[in-house]
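Student: I'm new to this one and would like to learn how to read it. Could we go through it together, feature by feature?

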Amino acid sequence: MTPEEKIAQLEAELESVKKEYDEYAYIVSHDFSAPLRHAHGFTQLVLDRDAENLSESSVKYLKSVLESCEKGRDMLEGLLYFSRVHTSKEAIEDVPSEDMVKLNAALFDQLILKIGAKVTFDHLPVVRAVRSQLQMVFHALLLNALMYHEEGASPVVHIACEDKGSEWLFSVEDNGIGIDEKSLEKIFQPLRRAVREDEYEGLGMGLALAKRIVKRHGGELTLKTELGKGSVFSFTLPKDVNMEIEEKPL
């Protein structure tokens, strides 16, 4: 076997493993949703009907069960969306990326007011993309920039874009806590985070989704960061996007 044939064989094996992973993630997220809904529903029913007859500690435990069910549901929904990124049949279209940024800024309006954040952006271009997926990328990067900052600090976020000829280069810059070097790999993996759960809320799905979506569009998501000084997430989008739609797992 020539070196080129060996590389081709390894790439085919890697692609097969990725496909198996997607199918596994889809099955787990899809099949576990129903029992989780039942657990949440019956727990809520007990609280609604019998809370006044239960001890204070029992009510507290049941409310903890509800919170765990809700977090589990959000995690499964994130995994399900992650597994479907490559099977979405939504068409590529001309999308005003500036509208996507404005939409997400509006969604986070209450959070921005609460933490005293400042979000600014340059004039952003119309790009070729799957609209809902591009919206998800900006959603994940903006939320990430707003959430991870020192307590009491006012986040400053700026979104820009450069014309690089055959592609666009977007950047989302913040003055947050930054990310340590040993966590750079895992933050782009599903359900992995660089911070402790008791320090910052979150599921660890946003950046993994963003990276997967950008890759599907033929681009690349990268990060420059410095602890205590902030981060710059950058991603490219080819001007001529041509993507394949994979079959949805059974």
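Student: How many disulfides does the count come to here?

Tutor: A disulfide is a covalent bond between the sulfur atoms of two cysteines. The rule used here asks for a pair of cysteine sulfur atoms within 2.5 Å, and by it the count is 0 disulfides. Before we go on: this is a predicted model, where local features need pLDDT of at least 70 and side-chain atom pairs count only at pLDDT 80 or more, while totals for chains, interfaces and linings use all residues. Residues are numbered from 1 along each chain as its sequence is written, and side-chain values use heavy atoms, leaving out hydrogens and water.

Student: Are Cys69 and Cys161 buried or exposed?

Tutor: Buried means under 20% relative accessible area, exposed over 50%, and partly exposed in between (1.4 Å probe, protein chains only). Cys69 has 8%, so it is buried. Cys161 counts as buried too, because its value is 18%.

Student: Which residues have the most contacts inside the largest nonpolar core?

Tutor: In soluble globular proteins, nonpolar side chains tend to be buried together. A nonpolar core here is a set of buried Ala, Val, Leu, Ile, Met, Phe, Trp, Tyr and Cys residues joined through side-chain atoms within 4.5 Å. The largest has 41 residues, and Leu134, Phe170 and Phe235 have the most contacts inside it. Helix 6 gives the most to this core, with 8 residues. As for Phe170, contact means heavy atoms within 4.5 Å; not counting residues up to four places away in sequence, Phe170 touches Phe138, Cys161 and Phe235, among others.

Student: What is the strand order in the open sheet?

Tutor: Helices (H or I, at least four residues) and strands (E, at least two) are DSSP runs, numbered from the N terminus. Two strands pair if DSSP finds at least two bridges between them. The open sheet has 5 strands in the order 2-4-5-7-6, with mixed pairing. At its edges are strand 2 (118-121) and strand 6 (221-226), each pairing on one side only. Strands 6 and 7 run antiparallel, joined by 6 bridges.

Student: Where is Ser234?

Tutor: Ser234 sits in strand 7 (residues 230-238). At 15% relative accessibility, Ser234 counts as buried. Its contacts include Phe170 and Thr222, not counting residues up to four places away in sequence.

Student: Which residues of helix 6 are buried?

Tutor: An α-helix has 3.6 residues a turn, so residues three or four places apart point the same way. In helix 6, the buried ones include Leu134, Val137, Phe138, Leu141 and Ala145.
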